Amino acid sequence: MTALSPVQLRRVFKVVNGGTPTADAENWDGDVPWVTPMDLAPVHGGIVKESTRTLTPVGLRSGSSAVPAGSLIVSTRAPVGYVAEVVRPTAFNQGCRGLVPLRPVDIRYFRYQLLTLGAILQSRGQGSTFVELSSDSLASTPLTLLTPGRQRAIADYLDTETTRIDALIDKKRKMIGLLEARCEVVVEQQIRGLVKTYGAAPLKYATRRIEVGIVITPSTWYAEPGVLALRGLNVRPGRILLDDVVRISEVGHHFHQKSRLHTGDVVVVRTGQAGAAAVIPSSLEGCNCIDLVIVRPSPKAMPKFLEFVLNSDWTQKHIGEHSVGTIQNHFNVGAMKEVPVPVPPLPVQLKVAELLSAETRNTAEITGRLSKQIDLLGEHRKALITAAVTGELEVPGVAA
């Protein structure tokens with residue numbers, strides 16, 4: 001297929017700036033959808049179907065702009081490059097630009113084409129605090145302008161193919177959800193069965209100590225190089241993540257010996273995802289921690305077993321009921337000591353821990369493969385769109 005010479009976007013679209021009206025009541029809660037960049041995220045097949053808020057006609061006149069149905073809205077600030085079509089008059093904030101066709105076009109074709117230009121749009125953005133794509137930079141972006149018939153044929157083809165791919169992705173995501181839900185049910189049944197058989201007692205009776213990590217201005221001890229210090233964002237149910245860690249000085253580490261972690265300790269998140277628990281592996285022996293509850297099991301409690309119990313829905317509901325805070329849940333040491341847990345004989349703990357470890361490991365392996373398939377389908381989707389709009393792919397109904 002031979003494409004026409006590229007033209008600047010301003011030859012095809014009028015670029016419209018967005019805005020945000022004042023907080024006056026008369027401006028908001030009307031009939032005109034008002035969107036932000038995150039409302040343009042790649043969902044709903046590239047169609048704006050939800051909005052952050054709505055404007056009244058007064059609000060529209062006083063601080064924002066609307067584009068008619070059949071237009072595009074592009075996110076031009078954090079993140080740059082989301083593109084969506086509007087099916088009714090829609091307003092938007094200053095993090096977006098509206099694109100109103102100046103000539104007869106198939107708007108779907110240009111939505112697909114702009115999606116392929118995400119990296120180019122981002123590279124054209126400027127700013128030190130945040131990257132923003134100016135109206136002029138957007139307007140000067142080169143587009144491939146085909147005849148309306150070719151535009152329609154390519155858009156029809158991509159609609160069919162992307163719908164098929166999206167359906168496959170959706171099925172795999174649902175499979176992941178079902179597998180994870182099944183695993184949670186298995187864990188829950190085991191824990192509730194132990195409670196029914198052996199009862200439950202406060203966690204403090206199954207531990208040597210329960211204490212807290214560094215809480216007083218921990219940032220004053222940050223140092224590079226230094227001793228690794230885990231935070232709440234490093235702890236997920238049954239996992240320790242080391243993607244974003246901080247380190248503290250040797251002096252700070254020595255000063256906070258009480259929060260030094262040892263193999264087999266169980267750390268529990270206090271703030272945010274309160275209650276998420278994970279066992280400290282031997283590879284992290286001797287590190288420190290910040291604002292985490294440290295559960296040091298007694299000889300009658302297996303660390304891995306306690307991890308499963310603390311992460312179970314049965315225990316998490318109790319932790320949620322005893323967490324405080326309006327912005328972020330916060331769980332303190334005193335409440336942790338009183339969390340009821342079953343403590344069956346060690347052979348029973350070992351058997352349950354092995355069973356649940358196998359269940360979670362198998363679930364993780366299968367969901368990992370499904371996630372990889374989803375990533376590959378997403379990459380194929382992007383490549384297909386790029387090949388179709390650039391003419392690298394022979395599209396049925398498009399003359400060479």
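Which strand order does the open sheet of four strands with antiparallel pairing have?

## Sheet one: β2-β9-β6-β7

The order is β2-β9-β6-β7, in an open sheet of four strands with antiparallel pairing. This is a predicted model, in which local features need pLDDT of at least 70, side-chain atom pairs count only at pLDDT 80 or more, and totals for chains, interfaces and linings use all residues. Residues are numbered from 1 along each chain as its sequence is written, and side-chain values use heavy atoms, with hydrogens and water left out. Strands (E, at least two residues) and helices (H or I, at least four) are DSSP runs, numbered from the N terminus. Two strands pair if DSSP finds at least two bridges between them.

The edge strands are β2 and β7 (80-85), and each pairs on one side only. Neighbouring strands of this sheet are turned by 25 degrees against each other on average, direction ignored. Axes here are lines fitted to C-alpha atoms, for helices over the stretch in contact; angles run from 0 to 180 degrees between N-to-C directions.

## Pairing around β9

Strand β6 (residues 72-76) and strand β9 (residues 96-101) run antiparallel, joined by four bridges. Leucine 72 stands opposite leucine 99 in β9. Valine 74 has arginine 97 of β9 as its bridge partner. β2 also pairs with β9 in the antiparallel sense, over five bridges. There, asparagine 17 stands opposite arginine 97 in β9.

β9 is mostly covered: five of its six residues are buried. Buried means under 20% relative accessible area, exposed means over 50%, and partly exposed lies in between (1.4 Å probe, protein chains only). In a regular strand the side chains alternate between the two faces of the sheet.

Eight of the 10 residues of α2 are buried, so α2 is largely enclosed by the rest of the structure. Among the buried residues are Arg108, Arg111 and Gln113. Tyr109, Phe110 and Tyr112 are also buried.

## Aromatic pairs

The structure has four aromatic pairs. Rings of Phe, Tyr and Trp (its six-membered ring) pair if their centres lie within 6.5 Å; planes under 30 degrees apart count as stacked, over 60 as edge-to-face and the rest as tilted. Phenylalanine 13 and phenylalanine 110 form an edge-to-face pair, 5.4 Å centre to centre with 90 degrees between the planes. Phenylalanine 13 lies in strand β2 (residues 13-17) and phenylalanine 110 in helix α2 (residues 107-116), so the pair ties together parts that are 97 residues apart in sequence. Phenylalanine 13 counts as buried at 1% relative accessibility. Phenylalanine 110 is buried too, with a relative accessible area of 0%.

Tryptophan 221 and phenylalanine 255 are stacked, 5.5 Å centre to centre with 25 degrees between the planes. This pair links distant parts of the chain: tryptophan 221 in the loop between β12 and β13 (222-230), and phenylalanine 255 in helix α6 (residues 250-255), 34 residues apart. Phenylalanine 255 counts as exposed, at 59% relative accessibility. Elsewhere, ring pairs link Phe13, Tyr109 and Phe110 into a cluster.

Arginine 11 lies in the loop between β1 (7-8) and β2. Arginine 11 touches Leu102 and Arg103, not counting residues up to four places away in sequence. Arginine 11 and leucine 143 are 132 residues apart in sequence and 9.2 Å apart in space, C-alpha to C-alpha.

## Sheet two: β12-β20-β17-β18

Another open sheet of four strands has the order β12-β20-β17-β18, with antiparallel pairing. Its edge strands are β12 (207-212) and β18 (277-279), each pairing on one side only. The twist averages 20 degrees from one strand to the next.

Strand β17 (residues 266-269) runs antiparallel to strand β20 (residues 292-297), with four bridges between them. Valine 267 stands opposite isoleucine 294 in β20. Helix α7 (residues 303-311) packs on the sheet and touches β17, β18 and β20. The direction of α7 makes about 170 degrees with that of β18.

## Helices α5 and α10

Helix α5 (residues 148-198) and helix α10 (residues 346-390) pack at an angle of about 170 degrees, with their axes 10 Å apart. The two are therefore roughly antiparallel to each other. Angles over 145 degrees count as roughly antiparallel, under 35 as roughly parallel, 65 to 115 as roughly perpendicular and the rest as oblique.

The contact of α5 with α10 has 26 nonpolar, nine polar and eight charged residues. Ala, Val, Leu, Ile, Met, Phe, Trp, Tyr, Cys and Pro count as nonpolar, Asp, Glu, Lys and Arg as charged, and the others, Gly among them, as polar.

Conventions:
Contact means heavy atoms within 4.5 Å.
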